[in-house]
Amino acid sequence: MSAKNKNEIIHSDNGIQGQYQTWFLDYASYVILERAIPAIEDGLKPVQRRILHAMKEMDDGRFNKVANIIGQSMQYHPHGDASIGDALVNMGQKDLLIETQGNWGDVRTGDEAAAARYIEARLSKFALEVAFNAKTTEWQLSYDGRKNEPITLPMKFPLLLAQGAEGIAVGLSTKILPHNFNELCEASIKYLRGKKFELFPDFLTAGMVDVSNYNEGKRGGKVRVRAHIEELDKKTLVIKDVPYGVTTAQLMDSIVKANDQGKIKIKKVTDNTAAAVEVQIDLAQGISSDITIDALYAFTDCEVSISPNACVIINHKPKFLGIHELLKVSTDNSRELLKRELEIKLAELQEKWHYTSLEKIFFEEKIYKELEKKHATWDKVLEAIAEAFKPFRKQLRRDITREDIIKLTEKPVRRIYKLDIDELNEQIKGLEANIKQVKHDIANLIDYAVAYYEGLMEKYGKNRQRKTEIKLFDTIQAKQVAIANAKLYMNREDGFIGTSLKKDEFVCDCSDLDDIIVFTKRGIMKVVKVADKTYIGKDILHAAVFQKNDERTTYNMIYVDGGTGISYAKRFNVTGITRDKEYDLTRGHEKSKVHYLTVNLNGEAELVKIMLSASSSARNKELEFYFEELEIKARGSMGNQVTKYPIKSVKLKEAGKSTISGKKISYDSQFGRLNVENKGIYLGSFDAEEKIIIFYKDGSYQITDQELTQRLDPEKLLLIQKFNPEKVVTAVYLDKEKLQFNIKRFRIETTTLHNRFGFIKEAEGNYLEAVSTDAEPILTVQTGRGQQVRKAKFKVIKLVEVMGWKAVGAKLVDYNKSVVMDWERKPGDIAQAEMDF
């Protein structure tokens with residue numbers, strides 16, 4: 001190869017390298033600025049802005065075919081019709097800037113819009129008011145230089161926060177969640193007034209949102225969004241809406257997938273969505289609806305997590321801002337636009353006042369007669385008119401220009417003879433009043449801007465109430481709600497456990513999310529994940545599903561130390577562990593072994609019979625050992641010595657009772673959950689068989705167990721407490737038909753769990769006002785308002801006798817909206833409650 005050709009190739013390579021260095025940066029900048037990221041001034045991406053501008057050009061108050069709008073937009077947007085059509089449909093579905101006609105699809109179901117030739121659109125009145133003003137718009141040439149297009153629209157509303165935005169660029173992305181129209185206006189007003197404000201997302205798809213980690217929409221924040229799930233009956237659930245970004249089709253697919261994986265058990269799922277979302281789930285036989293609701297949130301798209309990332313274009317550069325900062329910038333921008341509009345209006349009014357005043361002087365002082373005089377040239381005529389105006393210049397607010405005089409001379413002659421001077425005076429007075437008002441608005445710009453936002457709310461905010469319920473979600477532990485979808489087996493002799501050992505000993509049903517705790521004869525404990533086959537160690541004694549932080553399950557064990565031959569007994573809990581780590585429960589000698597091991601779910605301590613070896617030198621070769629004499633200690637403790645002689649066998653002689661206190665249960669009214677972490681209202685210490693009673697506002701009660709996974713509705717619940725069948729219930733309820741409050745006292749006579757029993761008169765409008773199980777309740781009734789408030793106290797046991805739970809009861813007082821009732825607790829009751837706690 002010649003030296004010349006080599007030089008050409010090297011030169012060519014350097015040129016290509018240089019182009020690569022600039023091309024990627026150019027491409028990245030183009031995508032960021034011109035495609036994916038919205039501008040902070042109007043909250044729009046270029047394609048959205050060009051669509052709105054094209055629609056404004058076409059606007060005549062009537063609907064236009066979307067195909068025509070796309071064609072008009074292509075004069076400004078240098079891309080295909082598909083991208084324009086998708087952006088237009090997306091804006092139309094948000095129901096804010098664009099009024100639609102025809103089938104525009106449904107974001108809830110994922111149905112697509114009809115073809116562009118079949119659907120129509122026009123700008124909404126709201127868009128025409130807040131987004132367009134040619135006098136305050138900055139313009140630039142379109143991509144082909146043939147037309148002007150706006151650099152940004154003069155948006156006088158926080159549109160970016162109302163619509164939300166999502167885009168993926170090169171090296172960065174943006175995700176801004178939509179917010180409520182009225183809340184944005186109210187927040188802008190508070191900001192203008194110098195007050196604090198809060199903003200949280202609101203979705204057209206409704207649902208519920210937990211905003212505790214929203215972090216103002218900045219990077220690192222997160223919101224959890226849930227669908228409302230209602231229990232139609234014990235065998236049927238109904239999903240009433242979908243989380244933001246999820247369609248009913250996606251939701252159903254996720255439910256079917258969870259069912260196929262064995263995480264939930266359902267018969268079928270049916271989409272009955274019409275005007276409102278309705279997805280019906282029929283549960284399998286014997287499956288708890290409460291646990292299934294939790295499982296739907298844990299394993300399906302009934303709950304999704306969204307990570308916002310607010311990125312906008314500011315001065316041709318992408319910047320990350322919080323939602324509060326975005327609203328402040330938008331409000332400041334809107335205020336400046338309003339000021340510019342007022343200044344333009346003031347200049348126009350002053351110009352009109354000037355010309356009208358000139359016109360009045362021109363005719364009132366008969367200066368127009370200069371036109372009838374014979375002057376040498378037209379310039380001389382204009383000079384004569386200007387000279388005639390000199391005595392009146394002090395009445396004007398600016399100098400008279402040649403253009404002013406020419407404009408006066410162009411008035412039709414017939415106007416001169418029919419001119420009404422009084423009418424001109426009225427016009428001037430009206431203009432002066434308008435000028436005064438505009439100057440006042442400029443001087444009080446904050447008040448003017450506040451009134452502007454209030455006007456937007458009044459005109460356009462009536463049907464824009466919040467759709468998404470803001471709610472704090474409880475954390476659902478997936479292990480607790482997962483359906484047992486696998487069977488666990490073990491080979492004791494060889495030391496294996498797993499779901500694939502189907503020929504060996506069955507242990508229990510479990511889920512693939514569970515951990516398994518295993519004990520061996522050698523005294524080794526290990527916790528492993530559910531798997532097909534896992535080696536633990538030979539001679540397995542016990543295997544079961546492991547419950548982390550379980551302080552009630554107690555292990556009673558007797559083992560012999562291989563080094564000394566001494567046998568020890570110990571009681572211990574296993575709360576926290578490291579998975580797959582071996583824990584030696586003996587003193588550590590390799591020849592140590594376990595003689596006896598039991599698992600006691602409520603800390604029971606049994607009596608065992610110990611048989612010593614026949615060859616031992618002990619006189620008494622039979623011993624009795626009481627585990628209740630041992631304290632529950634850490635799993636690593638050595639334990640107490642039982643005997644120094646060799647043990648032949650240990651057998652159960654008598655089952656024991658629990659040696660630990662009852663389960664302390666509380667009710668968290670924020671989430672409607674029972675718990676053992678002392679969150680919320682303390683209900684008491686419960687033995688295994690004790691129950692809970694719940695009284696509902698609809699006048700029914702329910703006896704339930706201590707199951708922590710059940711869901712209770714705090715909005716419907718009036719009283720929850722430990723159930724004592726001997727207690728007398730005192731209830732006050734409204735009899736709507738007779739417009740009176742009735743009172744009754746009764747004992748609970750039913751024992752069926754989970755069913756609800758109505759104990760007040762059944763009629764529309766009746767509800768439970770107050771309920772108590774105090775032995776001697778005192779009811780305080782307050783009537784009247786203001787200075788006419790009256791209070792009365794009733795000792796209920798003297799007022800009404802104990803009756804059947806289905807009895808109507810006796811009249812207490814007449815119904816009145818001002819009636820307020822409450823129980824007066826005796827000091828002894830309060831002290832007893834604190835002592836119980």
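## The main core

The largest nonpolar core here counts 96 residues, and Phe 157 and Leu 326 have the most contacts inside it. Such a core is a set of buried Ala, Val, Leu, Ile, Met, Phe, Trp, Tyr and Cys residues joined through side-chain atoms within 4.5 Å. Helix 15 (residues 445-460) gives this core its largest share, seven residues. Helices (H or I, at least four residues) and strands (E, at least two) are DSSP runs, numbered from the N terminus.

Leaving aside residues up to four places away in sequence, Leu 326 touches Ile 40, Leu 160, Leu 161, Ile 176, Ala 310, Val 312 and Leu 321; contact means heavy atoms within 4.5 Å.

## Ground rules

This is a predicted model: local features need pLDDT of at least 70, side-chain atom pairs count only at pLDDT 80 or more, and totals for chains, interfaces and linings use all residues. Residues are numbered from 1 along each chain as its sequence is written, and side-chain values use heavy atoms, with hydrogens and water left out.

## Two cavities

There are two cavities of 30 Å³ or more in the structure. On a 1 Å grid over the protein atoms alone, a cavity is a set of points where a 1.4 Å probe fits but cannot get out, and lining residues have an atom within 4 Å of a point. Points are joined across faces, edges and corners, and a volume is the space filled by probe spheres set on them.

The largest cavity holds about 70 Å³ of space. Its lining has 13 residues, and Ile 40, Pro 158, Leu 159, Leu 160 and Ser 330 are the closest to its centre. Helix 6 (159-163) and helix 10 (323-364) each supply at least two lining residues. By class, the lining of the largest cavity is nine nonpolar, two polar and two charged (Ala, Val, Leu, Ile, Met, Phe, Trp, Tyr, Cys and Pro are nonpolar; Asp, Glu, Lys and Arg charged; the others, Gly among them, polar).

The second largest cavity comes in at about 60 Å³. Residues lining it include Ile 693, Phe 695, Phe 723 and Thr 773, with strand 37 (692-696) and strand 39 (717-722) giving two or more residues each. Its lining has five nonpolar, three polar and two charged residues.

## Two positive phi angles

Most residues other than glycine have a negative phi. Ala 206, in the loop between helix 7 (181-192) and strand 8 (208-210), has a positive one of about 65 degrees. Ala 206 is buried at 18% relative accessibility, where buried means under 20% and exposed over 50% (1.4 Å probe, protein chains only), with partly exposed in between.

Asn 549 also has a positive phi, near 60 degrees. Asn 549 sits in the loop between strand 24 (540-545) and strand 25 (554-560), and is exposed at 55% relative accessible area.

Definitions and conventions. 1 Å grid on protein atoms, 1.4 Å probe; cavity = no way out; pocket = protein on both sides within 12 Å on 5 of 7 lines; lining within 4 Å.
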